[in-house]
Amino acid sequence: MAKQRFPMGGMGMGGNANNMIRQAQKMQQEMLKAQEEIEQTEFEATSGGGAVSVKMSGKKELTEVIIKPEACDPDDVEMLQDLVITAVNDVIKKVDDANNAKMSKLTGGLSIPGLF
């Protein structure tokens with residue numbers, strides 16, 4: 001019986017394996033750069049028509065909370081709490097959306113579990 005030969009020679013991949021490794025390393029460098037850019041970006045969200053404003057870094061660190069005096073009704077503390085929660089959740093979503101959009105550009109929309 002004749003021996004089968006692999007079209008790529010030897011164990012299979014040959015030069016293509018080196019190209020794949022280089023591409024993966026390049027993608028990793030681009031992803032690290034994109035992640036650094038996002039971490040240095042500041043995101044802002046408001047709620048209650050601007051009564052509550054929050055700022056967050058791309059590292060998801062809350063950096064500022066501004067509450068206008070008109071939002072501080074001592075008879076309706078729950079409303080203020082809801083406004084703060086809404087603004088914080090919105091700014092977290094903005095950070096996540098920016099991160100996903102940048103990473104999606106680099107991966108061509110390919111979802112790679114555990115990558116981001």
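Helices here are DSSP runs of H or I with at least four residues, strands are runs of E with at least two, and both are numbered from the N terminus. Starting at the N terminus, the order is α-β-β-β-α. Before I go on: this is a predicted model, where local features need pLDDT of at least 70 and side-chain atom pairs count only at pLDDT 80 or more, while totals for chains, interfaces and linings use all residues. Residues are numbered from 1 along each chain as its sequence is written, and side-chain values use heavy atoms, with hydrogens and water left out.

Let's take the helices. Two packed helices are described by the angle between their axes and the distance between the axes. Here we have H1, residues 15–39, and H2, residues 77–107; their axes come within 10 Å and cross at roughly 160 degrees. Axes are lines fitted to C-alpha atoms, for helices over the stretch in contact, and the angles run from 0 to 180 degrees between N-to-C directions. Therefore H1 and H2 are roughly antiparallel to each other, a label for angles over 145 degrees. And which hand does the crossing of H1 and H2 have, left or right? It's right-handed, meaning that the near helix is turned clockwise from the far one by less than a right angle.

Who meets whom? On the H1 side, the residues include Met 27, Met 31 and Ile 38, and on the H2 side they include Ala 98, Met 103 and Leu 106. Contact means heavy atoms within 4.5 Å.

Now the sheet. It's an open one of three strands, in the order S1-S2-S3, with antiparallel pairing. Two strands pair if DSSP finds at least two bridges between them. S1 (42–47) and S3 (62–67) are the edge strands with a single partner each, so one side of each has no neighbour in the sheet. On average, neighbouring strands are turned by 15 degrees against each other, ignoring direction. S2, residues 52–57, pairs with S3 over five bridges in the antiparallel sense. H2 packs on this sheet and touches S1, S2 and S3, and its direction makes about 145 degrees with that of S1.

Let me zoom in on Ser 53, which lies in strand S2. Is Ser 53 buried or exposed? Its relative accessibility is 9%, so Ser 53 counts as buried; buried means under 20% relative accessible area, exposed means over 50%, and partly exposed is in between, with a 1.4 Å probe and protein chains only. Across the way, Ser 53 stands opposite Ile 66 in S3. Leaving out residues up to four places away in sequence, Ser 53 touches Glu 44, Ala 45, Thr 46, Glu 64, Val 65 and Ile 66. Its C-alpha atom is 10.0 Å from that of Thr 86, which sits 33 residues away along the chain.

Lys 60 has a positive phi of about 65 degrees, although it's not a glycine. The hairpin of S2 and S3 has four residues between the strands. With 42% relative accessibility, Lys 60 counts as partly exposed.

And for the chain as a whole, buried residues make up 20% of the 116 residues.

Conventions:
Angles under 35 degrees count as roughly parallel, over 145 as roughly antiparallel, 65 to 115 as roughly perpendicular and the rest as oblique.
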